[in-house]
Amino acid sequence: MLIDRLVDYNKSGVLPMHMPGHKRNAALLGDALPYGIDITEIDGFDDLHDAHGVLKDTADLAACLYGCQRAFPLVNGATGGILAAVYAVCRPGDTVILARNCHKSVYNAVLTSGLRPVYLLPEADALSGVAGSVTPESVARAIEANPGAKLVVVTSPTYEGVVSDIKGVCGATHRHGIPVLVDAAHGAHLGFSEAFPPDAARCGADIVVTSLHKTLPALTQCALALLNPGRVDEGRFRAALSIFQTSSPSYVLLASIDTCLRLLSDDGARLFAAYAGNLAAFDGRAAALKRLRVLCHGADSLPAHPGFFGFDPGKLVVETRGTALTGPALLALLRSKYKIELEMAYTDYAVAMTSLCDGPDAFRRLSDALCQIDRDAGSPAGAERPRPTLKALPHQAMTPYEAAALAGESRPLTQAEGFIALEYAWAYPPGIPFLVPGEVIGGGTLALIRELQAAGLQLKSTTGALPSGIYCAAPARTYL
């Protein structure tokens with residue numbers, strides 16, 4: 001039985017340096033969940049889609065904690081909130097400006113709503129290769145080139161912890177009356193301590209969608225939508241939530257959301273002070289690393305990365321370019337030898353996600369393992385490894401919605417150049433597409449796919465055709 005396997009795994013001693021944020025820390029959170037409180041909308045327990053009682057209290061507490069006018073508990077994860085937000089603001093045929101490193105849920109919202117996407121391509125950091133911040137200047141230029149745009153979407157913080165100037169982005173966008181949606185799925189913990197960047201809602205974002213479960217003590221799928229009405233119709237947003245959220249919300253998840261928020265309200269200051277102290281202690285030990293490097297930690301610092309407006313210190317991005325290891329190899333080594341499971345790995349780095357539920361022993365265990373690996377790791381062999389990046393955006397022959405109406409075929413990658421993609425392609429995690437339906441499959445994209453495969457990353461696509469092929473339509477010249 002699955003429950004037996006879960007119980008056995010919980011006893012195995014594996015250190016969870018990854019989501020969810022509760023980190024199986026029963027000593028802090030108790031053992032009341034889940035079965036005894038798994039009910040439905042019975043008398044006295046309110047209705048998520050028309051909250052006036054106990055669930056409204058939860059929503060009001062969230063709004064107070066995050067400094068927004070309205071808050072809505074989400075039990076379908078941040079994905080449900082993203083889909084609802086885009087649907088609420090845009091109409092079919094509208095133009096939406098979005099950062100190219102948005103999560104696939106944003107792309108799915110663009111497709112299902114029949115929108116025309118205009119992409120912002122953040123510059124890659126010269127030292128790490130990680131995508132940098134979205135700048136207010138780039139947003140302003142995109143709006144000037146697309147004056148009819150109805151929405152701007154930015155991810156902040158990113159999977160790797162890069163924070164954008166949300167206040168500046170909102171200033172550049174609001175001058176034109178355009179609302180800003182911030183995918184802050186990885187930033188539910190921001191704004192609770194001066195050791196962390198401010199949260200997006202307080203920076204002026206119109207809609208913020210954030211995942212409590214990623215970085216705070218909440219069960220998986222627990223999230224919030226934060227709303228500052230004015231440029232967004234609150235009634236339409238509520239209606240959209242009723243479409244994209246289940247009509248049978250889990251009270252286990254709702255109880256987890258409420259418990260998480262009340263913990264932050266009652267004891268957040270102490271917990272975040274301890275969290276910041278643990279990160280500072282980790283920094284001191286990480287400073288001894290010679291070959292490995294932890295992004296914006298230890299000997300590395302934010303000023304060394306001018307393309308980063310800010311950085312979330314809760315993300316430990318361990319870079320391997322100074323060693324013979326790849327990111328996937330580091331992840332596998334930590335798992336097999338040290339029983340530490342990280343969140344994800346990319347070509348030359350791996351990400352450990354931390355939370356306030358990680359105690360001093362967890363941080364020391366990770367730093368000790370990294371220091372041992374650093375001593376044992378060999379130097380890179382030969383020339384510096386190429387860093388796979390999307391150097392230029394593929395040509396957009398049509399919108400994703402238009403591409404969805406085409407009939408296609410699965411073709412080998414070697415025979416796909418010049419055809420139109422009819423599916424998304426990405427490395428997962430992080431689930432950020434490097435190819436979108438309606439885009440021409442060019443040589444640069446195919447080279448990126450080969451480089452990612454060579455680095456040991458698992459590539460996925462909507463239909464599952466990757467890595468052997470790609471689902472696509474007739475040569476692009478037919479449609480241009």
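Start by selecting lysine 339, which is partly exposed at a relative accessible area of 36%; partly exposed is the band between buried, under 20%, and exposed, over 50%, using a 1.4 Å probe and protein chains only. Lysine 339 is in the loop between helix H11 (327–338) and strand S13 (340–342); helices are DSSP runs of H or I with at least four residues, strands are E runs with at least two, and both are numbered from the N terminus. Check the backbone here: phi is positive, about 55 degrees, although lysine 339 is not a glycine. Most residues other than glycine have a negative phi.

A quick word on what you're looking at. This is a predicted model, where local features need pLDDT of at least 70 and side-chain atom pairs count only at pLDDT 80 or more, while totals for chains, interfaces and linings use all residues. Residues are numbered from 1 along each chain as its sequence is written, and side-chain values use heavy atoms, leaving out hydrogens and water.

Next, select aspartate 46, another non-glycine residue with a positive phi, near 70 degrees. Look for aspartate 46 in the loop between helix H2 (26–29) and helix H3 (54–66). Its relative accessibility is 17%, so aspartate 46 counts as buried.

Now go to serine 156 and proline 157: the peptide bond from one to the other is cis, with omega near 0 degrees. Most peptide bonds are trans. Proline 157 sits in the loop between S5 and strand S6 (162–163).

From there, bring up strand S5 (residues 151–155) together with S7, its parallel partner over four bridges; strands pair if DSSP finds at least two bridges between them. Valine 152 stands opposite valine 180 in S7.

Which way do they point? Val180 and Val182 go one way, Leu181 and Asp183 the other, and all are buried. In a regular strand, side chains alternate between the two faces of the sheet.

Last stop: glutamate 319, in strand S12 (residues 315–319). Glutamate 319 has 4% relative accessibility, so it counts as buried. Beyond neighbours within four places in sequence, its contacts (heavy atoms within 4.5 Å) include Arg293, Asp348 and Tyr349.

Finally, zoom out to the whole protein, with its 14 helices and 21 strands. Of its 480 residues, 56% count as buried.
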